[in-house]
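User: I am new to this structure and would like to be guided through some of its strands, a helix and a loop residue. Please set out the basis of the values as well.

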Amino acid sequence: MHTPSRRTLLRAPIAAAGAGLLAACTDSGSRSPVRSGPQGTAAGQEDFVPLGPKGYVDPSGPEVHAAERKRGSGPVRMLRLTAAENTLDLGGRSVRTWAYHEELPGPLVRVTAGDVLSLTLANRLPTTTTLHSHGVRMRCDMDGVPDLTQRAIDPGTDFTYRFTVAHPGTFLLHSHVGLQPDRGLYAPFIVDDPKEPLAYDKEWIIVLDDWVDGVGGSTPERVLDQLTPTGMKMGSMAMGPGPGSPGARTSAAPHASHSHKATGPSRVLRGSHSRMLHGEAGSVDYPFYLANGRTPAQPTTFRCRPGDRIRLRIINAGSETAFRVALDGHTMTVTHTDGYPVQHKETDALLLGMAERYDVLVTAKDGVFPFVALAEGKKGQAVALLRTDKGRTLPPADVRPDELDGEVVPARRLRPADSVALADHEPDREIRIRVTGTMEKYDWGFDHRSYDVRQRHPVRAGERVRLTLINATDMWHPLHLHGHTFAITGLDGLGARKDTAIVLPHRKLVVEFDADNPGLWMLHCHNQYHSESGMMTILGYRK
């Protein structure tokens with residue numbers, strides 16, 4: 001048994017692309033963001049200062065630079081991603097969509113903790129875009145939130161994201177403009193631990209998604225039109241204050257190449273229900289659910305030998321679907337959630353909200369075994385195969401492992417590994433936020449307010465912050481905090497470290513985190529249709 005630095009992956013195209021695009025180099029130059037023209041001629045970019053009240057740390061302020069220096073500076077890993085319109089094969093079904101390097105998922109980005117990642121995004125889309133490194137605790141001006149941490153990247157231009165990657169784990173890259181994540185603009189991001197404590201033979205990266213773009217005339221923006229009463233749509237995740245507000249900004253529409261008219265079949269899902277989610281499971285009736293970019297009709301296959309110990313890195317890149325996942329015939333041992341280690345816990349299945357990640361270990365049995373991701377409370381599933389031989393009959397696309405109905409360990413029952421556990425002490429600051437909105441009005445927000453780039457919930461560097469999120473809606477929400485990891489609180493004290501967690505209808509989620517990363521950081525629902533409708537706000541560090 002061994003732990004090589006670049007382990008065997010499920011999809012050879014991902015591994016090959018990641019290895020080919022990443023290269024080590026030595027660079028002693030500035031860490032300031034760089035914007036390039038279409039011919040690649042670099043030009044310096046001034047620090048971006050967003051609209052908002054005075055007295056808060058700017059995304060590129062001296063406090064941000066000081067925090068980055070403390071992270072150190074290792075080898076520089078160079079990567080270039082191109083976002084463009086492509087035709088993709090989902091497994092017997094071709095769709096026209098937006099993606100990175102004509103791949104779904106996009107090419108694997110892989111570095112080692114302590115490296116400096118220099119990632120240039122070339123925007124060849126017909127509209128603006130950005131790139132967000134979901135779950136990574138980084139410098140604020142590299143966070144990729146349009147109009148808050150940077151100007152959105154114009155079509156035909158490039159932007160270089162450069163930051164030290166201090167913590168190992170399983171992460172996710174995706175656009176942070178409008179509903180672009182519900183196209184193909186996402187990719188796995190793995191940060192290896194140079195002192196990896198786990199022993200395993202192979203690694204299997206599984207990226208899950210719900211898919212609607214380019215099917216029967218549907219686009220994510222047209223789906224939102226169908227969900228939203230006339231005149232209530234917020235418009236874009238890149239928006240600042242609304243039209244007519246003092247200092248209002250106008251951002252390029254994320255769907256500039258499409259009509260705003262709701263065309264194509266209705267994708268509104270009615271009557272969905274999940275016992276695990278305590279009510280309605282979702283609002284979008286997706287035609288396909290994907291595992292590593294493929295439908296169940298033509299699944300990808302991971303090959304190994306009987307007895308191999310395999311590390312699965314499971315990523316929910318979906319926009320509106322929770323997935324209940326299990327590997328037929330196997331018990332999973334949970335080792336990490338959202339990139340941070342936990343005390344090992346056996347389970348039959350797991351429930352992943354949008355943008356959650358779990359690492360698990362399994363010991364492969366002999367045969368062909370489907371990994372099934374059930375669209376929780378909806379109709380459909382994603383499938384990938386683990387196989388140890390060539391002669392077995394493949395399972396049907398609608399296969400349902402018994403493990404899906406077995407024990408499901410929730411995040412709140414996981415305990416952090418000692419190496420990452422937060423010390424338990426009284427908070428210096430408490431913030432209470434109500435999650436509000438209704439399905440009928442589709443007016444999702446916090447404290448009955450829609451997102452405004454000038455909003456601030458103040459914190460100060462060095463504080464322990466207790467954040468209480470009170471769900472006053474009939475819907476579940478996966479809530480994500482940028483730039484930090486938090487500990488879920490419970491009867492046994494502070495629990496697992498996470499950056500994204502589910503709050504159930506009419507329940508509350510109480511988390512604590514250390515304010516140790518200065519800047520302006522978004523807190524939002526990772527249901528893309530909820531965030532696009534206004535369920536976003538900002539935590540701001542006071543100067």
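User: Which residue in β30 stands opposite P478?

Analyst: This is a predicted model, in which local features need pLDDT of at least 70, side-chain atom pairs count only at pLDDT 80 or more, and totals for chains, interfaces and linings use all residues. Residues are numbered from 1 along each chain as its sequence is written, and side-chain values use heavy atoms, with hydrogens and water left out. Helices (H or I, at least four residues) and strands (E, at least two) are DSSP runs numbered from the N terminus, and two strands pair if DSSP finds at least two bridges between them. Strand β27, residues 477-481, pairs with β30 in the antiparallel sense over four bridges, and the residue in β30 opposite P478 is I502.

User: Which strands stand at the edges of the open sheet of five strands?

Analyst: The sheet has mixed pairing and the order β25-β33-β32-β27-β30. Each edge strand has a single partner strand, so one side of it is left without a neighbour in the sheet. The strands at the edges are β25 (457-459) and β30 (500-503).

User: How many residues of strand β26 are buried?

Analyst: Buried means under 20% relative accessible area, exposed over 50%, and partly exposed in between, with a 1.4 Å probe and protein chains only. Strand β26 spans residues 464-471 and is mostly covered. Of its eight residues, the number buried is seven.

User: Which residue is the bridge partner of L469 in β31?

Analyst: β26 is joined by seven bridges to strand β23 (residues 429-436), and these two run parallel; there, R432 has T468 as its bridge partner. Seven bridges also join β26 to strand β31 (residues 508-514), but this pair runs antiparallel. In β31, the partner of L469 is L509.

User: Against which helix do the buried residues of α3 pack?

Analyst: Six of the eight residues of α3 are buried. They are P220, E221, R222, V223, L224 and L227. Contact means heavy atoms within 4.5 Å, and the helix against which these buried residues pack is α4 (528-532).

User: How far apart in space are S274 and G377, C-alpha to C-alpha?

Analyst: S274 is found in the loop between α3 (220-227) and β13 (288-291), and is buried, with a relative accessible area of 1%. Leaving aside neighbours within four places in sequence, S274 is in contact with G279, A281, E376 and G377. S274 and G377 are 103 residues apart in sequence, while their C-alpha to C-alpha separation in space is 4.5 Å.
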